[in-house]
Amino acid sequence: MFNPLNALLGLFSLDIGIDLGTANTLVYVRGKGIVSNEPSWVALDKGHNTVLAIGAEAKEMVGKAPHNITVIRPLRDGVISEFDITEAMLRRFIKKAHGQISILPPRPRVVVGVPSGVTEVEKRAVQDAALAAGAREAYLIEEPMAAAIGAGLPVTEAQGSMIVDIGGGTTEVAVFALTGIVISKSLRIAGDELDEDIMQYSRQKYNLAISERMAERIKINIGSAYPLPEERTMAMRGRNLITGLPEEIEISSIEIREALSRSINIIVDLVRDTLDETPPELVSDLMETGICLAGGGGLLKGLSERISEETHIRAWVAQDSLTCVARGAGKVLEDFEVLRRALSNDDRRHPGGTAS
Ligand code: ADP
Ligand code: MG
């Protein structure tokens, strides 16, 4: 039913794209760009299961919180279906997107990117949570589709294009044509697993226990998937498992590449398997359009070279690869008539929402 008051409110309201990533949650506001970029962490009071902190503030508590507080990553740990947590996260980010400028209650249109692996129950929880958190209209989009739009791939065209989005918890590969996903595959091996690989390598080779943060720093600084023009070394600090004492070891990019090789091979195989199942007509398109890498993991040194070499298709890293999903989700609202087919669900509105 047409409600003029809501229609009027709609004119003043915001369009927001949210990337609920396993590692980072980003918020994009039309006309403003990325307004929030925080780790996807939530701190909970164990006894009452209430949310104590979200984002950077929650991540700060990791490894330091007293026993009555647990700090979790809802998307990685698979608790996204827990309504209260998801709602609290979305409420916080929607509020942040509105900032101080708005005198109106936050009633934005929201597109949320969700990993393509999430269940229907989880999708429903995210959408209901977005509505409960104040969205006037809430839509979901599969992350690879959002990433492709954000990366500027020609998803609406007949010509095929491909994205490889490597996040913290998942790697997703998808081929697009005519505003749809023709084929997609995903894997629970991504950035976090690479950190694990480095921790394990250091334990096995040097009896050195290092933190997740140390491992991530090493991965970002000297990790690679292909020989580097100049190999490098870095100081790796941890605790010697035999002496129990702190220790520092000089580790080389060649060793780290070896540590990462098993997981990287699995990711490369996923890309090859996807190509294998892609109809030949589209494969020939991809030889022109190439393979676009997105997400934080897409930034791993030498990954595009490695994928190019193994697929014989040019691969490159999207510009601003960490923000592609949020920007792509937001772009759907900007060009709604053309891109609404890219959404993964029927639109669901707030009971008092406008009809169009
Ligand atoms: P998600 O979408 O799952 O939230 P992101 O796309 O934000 O994940 O990527 C986060 C992952 O990317 C983390 O594992 C992080 O360590 C990794 N990452 C970020 N920058 C780099 C880099 N320069 N090289 C390699 N990995 C990176
Ligand atoms: Mg992502």
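Figure 1. Helices (H or I, at least four residues) and strands (E, at least two) are DSSP runs, numbered from the N terminus. Of its 356 residues, 54% count as buried, that is, under 20% relative accessible area; exposed means over 50% and partly exposed lies in between (1.4 Å probe, protein chains only). Among contacts (heavy atoms within 4.5 Å) with a separation of 6 or more, 63% join residues 24 or more positions apart. Residues are numbered from 1 along each chain as its sequence is written, chains are lettered from A and ligands numbered from 1 in the order in which they are written, and side-chain values use heavy atoms, with hydrogens and water left out. Because the model is predicted, local features need pLDDT of at least 70 and side-chain atom pairs count only at pLDDT 80 or more, while totals for chains, interfaces and linings use all residues.

**Figure 2. Helices α8 and α10 cross at about 45°.** Helix α8 spans residues 253-276, and helix α10 spans residues 303-311. Their axes lie 10 Å apart. Axes are lines fitted to C-alpha atoms, for helices over the stretch in contact, and angles run from 0 to 180 degrees between N-to-C directions. The pair α8 and α10 is therefore oblique. Angles under 35 degrees count as roughly parallel, over 145 as roughly antiparallel, 65 to 115 as roughly perpendicular and the rest as oblique. From α8, the contact takes Ile264, Asn265, Val268, Val271, Arg272 and Leu275. From α10 come Leu303, Arg306, Ile307, Glu310 and Thr311. By class, this contact of α8 with α10 holds six nonpolar, two polar and three charged residues. Here Ala, Val, Leu, Ile, Met, Phe, Trp, Tyr, Cys and Pro count as nonpolar, Asp, Glu, Lys and Arg as charged, and the others, Gly among them, as polar.

**Figure 3. Helices α6 and α7 cross at roughly 105°.** Helix α6 covers residues 191-206, and helix α7 covers residues 212-222. Their axes come within 8 Å. The two helices, α6 and α7, are therefore roughly perpendicular. Gly191, Leu194, Asp195, Ile198 and Met199 of α6 touch Glu212, Ala215, Glu216, Ile218 and Lys219 of α7. The contact of α6 with α7 counts five nonpolar, one polar and four charged residues.

Figure 4. Beyond its neighbours within four places in sequence, Gly191 contacts Ile166, Gly167, Gly168 and Lys219. Gly191 and Gly169 are 22 residues apart in sequence, yet their C-alpha atoms are 6.5 Å apart. Tyr201 also lies in helix α6. Leaving aside neighbours within four places, Tyr201 meets Tyr206, Ile251, Glu255, Glu258 and Ala259. The C-alpha atoms of Tyr201 and Leu260 are separated by 9.0 Å, at 59 residues apart along the chain.

**Figure 5. Helices α5 and α11 cross at roughly 85°.** Helix α5 runs over residues 143-150, and helix α11 over residues 324-334. Their axes come within 7 Å. Helices α5 and α11 are therefore roughly perpendicular. On α5, the contact uses Glu143, Ala146, Ala147, Ile149 and Gly150. On α11, Cys324, Val325, Arg327, Gly328, Ala329, Lys331 and Val332 take part. By class, the contact of α5 with α11 has seven nonpolar, two polar and three charged residues.

**Figure 6. Cys292 and Cys324, without a disulfide.** The structure holds zero disulfides, a disulfide being a pair of cysteine sulfur atoms within 2.5 Å. For Cys292, the nearest cysteine sulfur is that of Cys324, 6.2 Å away. That distance is too far for a bond. Cys292 is buried at 0% relative accessibility. Cys324 is buried too, with a relative accessible area of 0%.

**Figure 7. Positive phi at Thr179 and His312.** Most residues other than glycine have a negative phi. Thr179, not a glycine, has a positive phi of about 60°. Thr179 sits in the loop between β10 (171-177) and β11 (180-187). With a relative accessible area of 6%, Thr179 is buried. His312 has a positive phi of about 60° and is not a glycine. Its loop lies between α10 and β16 (315-317). His312 is exposed, with a relative accessible area of 69%.
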